[in-house]
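Here is a model to talk through.

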Protein chains: 2
Amino acid sequence: MITNKKKSKKERITSQKKIILGYLKSAKTHPSAEIVFKEVRKKLPRISLGTIYRILKNLKEKGEILEIPSDISRYDGNISAHSHFFCQSCGKIFDVFDKAPILKVGKLKVGKIKSYQVYFYGKCKNC
Amino acid sequence: MITNKKKSKKERITSQKKIILGYLKSAKTHPSAEIVFKEVRKKLPRISLGTIYRILKNLKEKGEILEIPSDISRYDGNISAHSHFFCQSCGKIFDVFDKAPILKVGKLKVGKIKSYQVYFYGKCKNC
DNA sequence: GTGCCTGCAAACATTTTGCAAAAAC
DNA sequence: GTTTTTGCAAAATGTTTGCAGGCAC
């Protein structure tokens, strides 16, 4: 007899997770994994880049942070409704709260929408 | 005296460029560089992956194709106004012509918008 | 013929993974 | 004590690049 005993593995709260999430929530920039590594290492000097990647992936899957895909992924601890502006001159990413289209999240012909993202591209004020 | 003699290098039309662009214009999927390589190699057996990447970058910069960033970049030969739906179950990308928000492209507080993209995430009809 | 473009292979950057030791519970 | 997580290093992946020969013009 095969019992479908699901070994529900319990997730643990570690200082690494707390500090990475805390850093992302406070960061106003949209740091890459490498930047998160450099910053978090100030508090946890022995942390490794592999751990950074593992925790970022974990937080993303739980929906606590956002991944902004690009040639180098960047991360956003602000999960409230807003969009992003990429400056094509300096490469910086800015938050956009105005003009963020609030779309009715629902059904499309192709499937059911769970979330969406809007990205703007252009030239920022400083460039 | 420094003369700003700009050596305007003239771009050449090669069979590689024509065939890659032709393939992307006809493709209904959103192929990765690897897929483009496999498909284009049917017509040009000696083409290399490096050339694929170089030409994709070139076409993107000229605005003839679109790059859809992700862990693996994918390319779209259709540059008319539409958005994309990512199925989080099967990984497929679908074109979305309905519900694509037509935003007034103009100025934001942070800078001037040149273009924008909308990405939907969810579960497709088949999954 | 000149100069841009390609094929090839090596280099590069980012991200993932296997494993033993450490930490959380 | 058990099980998850970490640090470390090595591997895997996707993409870029240098160079000599080839091709477009």
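**Contacts with DNA strand C**

Visitor: How far is a base nitrogen of DNA strand C from an N or O atom in the side chain of Arg12(A)?

Guide: This is a predicted model, so to speak: local features need pLDDT of at least 70, side-chain atom pairs count only at pLDDT 80 or more, and totals for chains, interfaces and linings use all residues. Residues are numbered from 1 along each chain as its sequence is written, chains are lettered from A and ligands numbered from 1 in the order written, and side-chain values use heavy atoms, leaving out hydrogens and water. A polar contact here is a pair of N or O atoms within 3.5 Å. For the side chain of Arg12(A) and a base nitrogen of DNA strand C, the distance is 2.6 Å.

Visitor: Which helix gives the most to the surface near DNA strand C?

Guide: Near means a heavy atom within 4 Å, and helices are DSSP runs (H or I, at least four residues) numbered from the N terminus. With five residues, the top giver is H3(A).

Visitor: How are H1(A) and H2(A) oriented to each other?

Guide: Their axes, lines fitted to C-alpha atoms over the stretch in contact, are 10 Å apart. The angle, taken between N-to-C directions on a scale from 0 to 180 degrees, is about 110°. Since 65 to 115 degrees counts as roughly perpendicular, H1(A) and H2(A) are therefore roughly perpendicular.

Visitor: Which residues of H2(A) make the contact with H1(A)?

Guide: Contact means heavy atoms within 4.5 Å. H1(A) brings Ile19(A), Ile20(A), Tyr23(A) and Leu24(A). From H2(A) come Ile35(A), Val36(A), Glu39(A) and Val40(A).

Technical notes
A polar contact is a pair of N or O atoms within 3.5 Å; within protein, one must be able to donate a hydrogen and the other to accept it, and residues adjacent in sequence count only if both atoms are side-chain atoms. Helices (H or I, at least four residues) and strands (E, at least two) are DSSP runs, numbered from the N terminus. Angles under 35 degrees count as roughly parallel, over 145 as roughly antiparallel, 65 to 115 as roughly perpendicular and the rest as oblique.
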